Amino acid sequence: PNTESVAYDTYESMQYLNYLERTGHLSENPKPLNRLARARWLALALVGLAAGLVAISVDLGMEHLIQLREHINDSVVDVVQGLRGGVFLQYASFAGVRLAMATI
């Protein structure tokens with residue numbers, strides 16, 4: 001008895017509806033955002049912008065490092081092309097460049 005489940009959705013809750021009426025969110029002219037709320041939104045927007053700029057700079061930096069790596073490997077291939085043991089020198093250069101770039 002009296003154990004029937006009732007809806008606890010926020011839009012059906014009288015407490016939530018009373019809160020919305022008190023804060024003015026249900027009226028036709030809702031209250032504007034106060035200064036603290038605006039500052040929070042501005043801070044969040046600036047954080048998002050900064051994170052995006054960091055991501056773009058990391059991406060561009062990685063592309064430049066990859067181009068540098070390819071240039072170094074091509075230069076080593078050109079130098080050791082006719083040498084005996086050139087494959088081992090190529091591998092040493094290949095591994096060394098990647099190890100050096102991994103420390104960055």
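1. Surface. Accessible areas come from the Shrake-Rupley method with a 1.4 Å probe, and for residues only the protein chains shown count as cover. On that basis the accessible surface of the protein is about 9,300 Å². Carbon and sulfur atoms hold 64% of that surface.

2. Basis. This is a predicted model, in which local features need pLDDT of at least 70, side-chain atom pairs count only at pLDDT 80 or more, and totals for chains, interfaces and linings use all residues. Residues are numbered from 1 along each chain as its sequence is written, and side-chain values use heavy atoms, with hydrogens and water left out.

3. Fold. The protein has 3 helices and 0 strands. Helices (H or I, at least four residues) and strands (E, at least two) are DSSP runs, numbered from the N terminus. The pattern along the sequence is α-α-α.

4. Burial. Buried means under 20% relative accessible area, exposed over 50%, and partly exposed in between (1.4 Å probe, protein chains only). Of the 104 residues, 10% count as buried.

5. Helix α2. The expected span of a helix is 1.5 Å times one less than its number of residues. For the 45 residues of α2 that gives 66 Å, and the end C-alpha atoms are 66 Å apart, which agrees. Ala37, Asn73 and Val76 are buried in α2. The buried residues of α2 pack against α3 (contact: heavy atoms within 4.5 Å).

6. Helix α3. Residues 86-102 form α3, 17 residues in total. From first C-alpha to last, α3 reaches 24 Å, close to the 24 Å expected. Gly86, Ser93, Val97 and Met101 are buried in α3. These residues cover an arc of only 55° around the axis, so they sit on the same side of α3. The arc is that of the directions from the helix axis to the C-beta atoms. Val87, Phe88, Tyr91, Leu99 and Ala102 are exposed on the other side. The buried residues of α3 pack against α2 (35-79).

7. Ser93. This residue of α3 counts as buried because its relative accessibility is 15%. Ser93 touches Ile72, Asn73 and Val76, leaving aside residues up to four places away in sequence. Asn73 and Val76 are themselves buried in α2.

8. Nonpolar patch. Leu42, Leu46, Leu49, Leu53, Ile56 and Leu60 make a nonpolar surface patch of about 600 Å². Patches are made of residues with over 30% relative accessible area and no salt bridge; like charges are joined within 9 Å, nonpolar side chains (Val, Leu, Ile, Met, Phe, Trp, Tyr) within 5 Å. A salt bridge is a side-chain nitrogen of Lys or Arg within 4 Å of a carboxyl oxygen of Asp or Glu. Leu53 lies in α2 and counts as exposed because its relative accessibility is 52%.
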